[in-house]
Amino acid sequence: DGFNVLDFVIVLTSLVEISLPSDFAGLTVFRALRLLRLAKLVAFLDSLRVLLSKIGRCFVAVLKFSPVLALTMFIFCVMGMQFFGGRFVADDGSVCVPTSTVEDGCPRENWSNFPNAFLVVFQ
């Protein structure tokens, strides 16, 4: 049976991972294989299979909406940079400009450049 082979591979990689030193991070990717055991539930439970297929269809709809969301966020970032850029005062009294950094006393949550503006809109 295919699921028995999958279980064997998962248990074998887990035993190999346990035998390695704790600071060795090479096989930690195999921990993700343990999630494949959930495929057994999907194979046996029809209601779970139906639920996951509907979630998958909703995910496709969200992916189709993502460009509209990205464009809206871009527009609000540019607007925020135009309206509020260069008006934030740092801790030492200087104005935050696009080249200002956190070390200069300007927080990341300002409108001085596009990455910071995108962070503010995303928050």
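Mentor: The structure holds zero disulfides, a disulfide being a pair of cysteine sulfur atoms within 2.5 Å. C58 is partly exposed at a relative accessible area of 49%, while C77 is buried at 0%. Here, buried means under 20% relative accessible area, exposed means over 50%, and partly exposed lies in between, using a 1.4 Å probe and protein chains only. Before we go on, a word on the background: this is a predicted model, in which local features need pLDDT of at least 70 and side-chain atom pairs count only at pLDDT 80 or more, while totals for chains, interfaces and linings use all residues. Residues are numbered from 1 along each chain as its sequence is written, and side-chain values use heavy atoms, with hydrogens and water left out.

Two packed helices are described by the angle between their axes and the distance between the axes. For helix α3 (residues 46-84) and helix α4 (residues 114-122), the axes come within 9 Å and cross at roughly 115°. Helices are DSSP runs of H or I with at least four residues, numbered from the N terminus. The axes are lines fitted to C-alpha atoms over the stretch in contact, and angles run from 0 to 180 degrees between N-to-C directions.

Which residues make the contact? From α3 come M73, F74, F76, C77 and M81, and from α4 come F114, A117, F118, V121 and F122; contact means heavy atoms within 4.5 Å. These residues divide into 10 nonpolar, no polar and no charged. In that sorting, Ala, Val, Leu, Ile, Met, Phe, Trp, Tyr, Cys and Pro count as nonpolar, Asp, Glu, Lys and Arg as charged, and the others, Gly among them, as polar.

Look next at the rings. There are four aromatic pairs, where rings of Phe, Tyr and Trp (its six-membered ring) pair if their centres lie within 6.5 Å; planes under 30 degrees apart count as stacked, over 60 as edge-to-face and the rest as tilted. One of them joins F74 and F114, tilted at 5.6 Å centre to centre with 55° between the planes. This pair links distant parts of the chain, 40 residues apart, from helix α3 to helix α4. F74 is partly exposed at 43%, and F114 is partly exposed at 33%. The rings of F114 and F118 are also tilted, because their centres are 6.2 Å apart and their planes at 35°.

Notes:
Helices (H or I, at least four residues) and strands (E, at least two) are DSSP runs, numbered from the N terminus.
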